[in-house]
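Please read this briefing alongside the sequence and the 3D structure displayed below.

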Amino acid sequence: MSPPSGIIDPMASLTTPPSFPNGFTNKGAKSSHHHHHHRLSPEYTIVEQPIGTRRPLRVVCLGAGYSGLMMGIVFNERMKNANAEFVIYERNADLGGTWYENRYPGCQCDIPAHNYAYSFAANPEWPNYYATSEQIHSYMKDVAKQYEVEKYIRLQHSVESAIWNEEKGKWDLKIRHGSNLIRDECDVFINASGVLNNWKWPSIEGLESYKGRLMHSAHWDSSYDFTGKRVACIGIGSSGIQIVPKLANVVKNMDCYVRSQTWISPAPGINEPTANDPEMDKDYNFAESTLELFKDPKVLRDYRAAIMNRRAENFNRVIADCDLQKQAQDMFRKSMTDRLGNSEKGKRAAELLVPSFPVGCRRQTPGPGFLEAIIQDNIELRWDDVSKITERGILTRSGVELEYDIIVCATGFDTSFKPSFPLVGRNGVNMAEKWENDVPKAYMGMCVPDFPNYFCFVGPNSPLANGSLILGIQATAAYIYKWMEKMQTEGIRSFEIQDDVNEEYNQHIQKYLERTVWTRDCRSWYKRGTIDGPVIAIYGGSIFHLLEAMKNPRWEDFKMDRTPEAKINRFSYLGNGTTLREAKGGDIGATQTLDFDEFWNLFNLPQVHD
């Protein structure tokens, strides 16, 4: 299939004229060959505007969680006067995404709170080493206010479809708001819906016939009173492990149905606090004196940097058979068996739960109080024991029917990465179908062949367990900004990642992942809930490696289509020979620097990870 007209063929400029034995090239052949290929347009005229003039751009972002909020901050801080419109459509009644939706008891982030804030918007007031979903939500509200992002957000607006319109070079959108269906269009469509947003019931026979109360961790009813109830809890992912200890204290009895082993880390988090940490109590609440110290931005910055360094060290144990991995397994195993203790119940739980796979293969889970809860008299661990669900409860594999007042499903989300609405790119390609027929693959986790002017945050193979998801989200937003600036100032109408580029990029990522713990034998949502499927959720390298890889966009990896003026001559954007600042009569003395470093930093990004 030939590329649509106006698409720049990266190979076109690589044809060389024939050369002769005497070392001369045939000049005549060159010029006739050249003119045959590319006739200059006699209609070309100068566009009367300075270089850097931005054409109008409308940008629509789906979702106001951490990613959409970051995009809003970039817009507010750097694109307010950039001839661009920006809107965020958010389906919920408030911003916050997963931290607004998840309200089950014990819901907290298993990343140290001081590394879960944006790197430029520290929060000295986190009360604990870990933050609860309410605390994170309220932090996000504060940040949205501080950076004036609320004005861009349309709440209770859900994107029903996004369809690329080749003729216009724009996305046609349908947005549902109550009973109204709104039509919108945009030049750039940013999918910031995240990966853990479409919760699902487990596929267990008889689920719909159950007459008692059914509750999902991501759709919690806080008004329900668990006191004295007979409870079944299905699932042992991050949510199940946080819910069990909270309910254990109030229920009459609870059966925990699990079918996967899992590592519970020695302290309540992926980074175990060390002796150098500021003062905290046994539940990891910061002491008053600590909170006082954190009011000094420099002290807090040093602490945040120290946690980041520790997380970078911990990343080194993802290489499957390395010494650090073996040490981690020994440490985790000892911690788990010690906590489960010597009773028959404790020993049996250790046999069932302590994994044979490496630490980190499944999402690592802190779970304070979980191991202690499952050895209580009123809690039973049941291994892979659901035959089917009945009207009154659960029929176990041994044929015994157990009755429950409520069944709690901590069974997670649709982790297929397929959009939950029709997302249709060039030539009618539907993303959900594309990723059904083939493994979900994206370039740097954010661009997909057949989908021009499209980005997604936290797409396939994103840094979900590589050191800091938030830094990854920030880097994606900065990268998207660079594309928008190029589109506006260089006459680019549309861009699309090339298919061969995407295939090679993903070959590299998968090759790297072969040496990591994520590809070992365990059932994990990183592999779409399979045991041996490809790892489609995790990036191939540390977060700092990704920041370096994304720093300077590789424009050559994309095919680009030009605006009408730029089709006549790709250099039309050079305009009338002046810069914006000269045109405004501004001061252009910035080039007169004090020293070489200052000069260099005007024209090259500073090094961060060399």
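What share of the contacts in the protein chain with a separation of 6 or more is accounted for by residues 24 or more positions apart? Such residues account for 72% of those contacts, where contact means heavy atoms within 4.5 Å. This is a predicted model, in which local features need pLDDT of at least 70 and side-chain atom pairs count only at pLDDT 80 or more, while totals for chains, interfaces and linings use all residues. Residues are numbered from 1 along each chain as its sequence is written, and side-chain values use heavy atoms, with hydrogens and water left out.

**Overall chain**

- The secondary structure of the protein chain comes to 18 helices and 19 strands, these being DSSP runs numbered from the N terminus (helices: H or I, at least four residues; strands: E, at least two).
- Along the principal axes, the C-alpha atoms of the protein chain fill a box of roughly 90 × 60 × 55 Å.
- Buried residues make up 50% of the 610 residues, with buried meaning under 20% relative accessible area, exposed over 50%, and partly exposed in between (1.4 Å probe, protein chains only).
- The accessible surface of the protein chain comes to about 29,500 Å², of which 51% belongs to carbon and sulfur atoms; accessible areas come from the Shrake-Rupley method with a 1.4 Å probe, and for residues only the protein chains shown count as cover.

**Surroundings of Ser-260**

- Ser-260 lies in the loop between strand 10 (253–258) and helix 7 (288–293), and Ser-260 is buried because its relative accessible area is 8%.
- Leaving aside neighbours within four places in sequence, Ser-260 is in contact with Ile-236, Leu-353, Arg-362, Trp-383 and Arg-523.
- With Arg-362, the contact of Ser-260 includes a polar one between the two side chains, at 3.5 Å; a polar contact is a pair of N or O atoms within 3.5 Å, where within protein one must be able to donate a hydrogen and the other to accept it, and residues adjacent in sequence count only if both atoms are side-chain atoms.

**Surroundings of Asn-128**

- Asn-128 is found in the loop between helix 4 (113–116) and helix 5 (133–146) and counts as buried, at 12% relative accessibility.
- Not counting residues up to four places away in sequence, Asn-128 touches Ala-113, Asp-283, Tyr-284, Asn-285 and Phe-286.
- A polar atom of the Asn-128 side chain lies 2.9 Å from the backbone oxygen of Asp-283, and the side chain of Asn-128 also makes a polar contact with the side chain of Asn-285 (2.9 Å).

- Asn-83, which is not a glycine, has a positive phi near 55°; Asn-83 sits in the loop between helix 2 (66–78) and strand 2 (84–90) and is partly exposed, with a relative accessible area of 44%.
- Met-444, likewise not a glycine, has a positive phi of about 55°; Met-444 is placed in the loop between helix 12 (431–437) and strand 17 (454–456) and counts as buried, at 13% relative accessibility.
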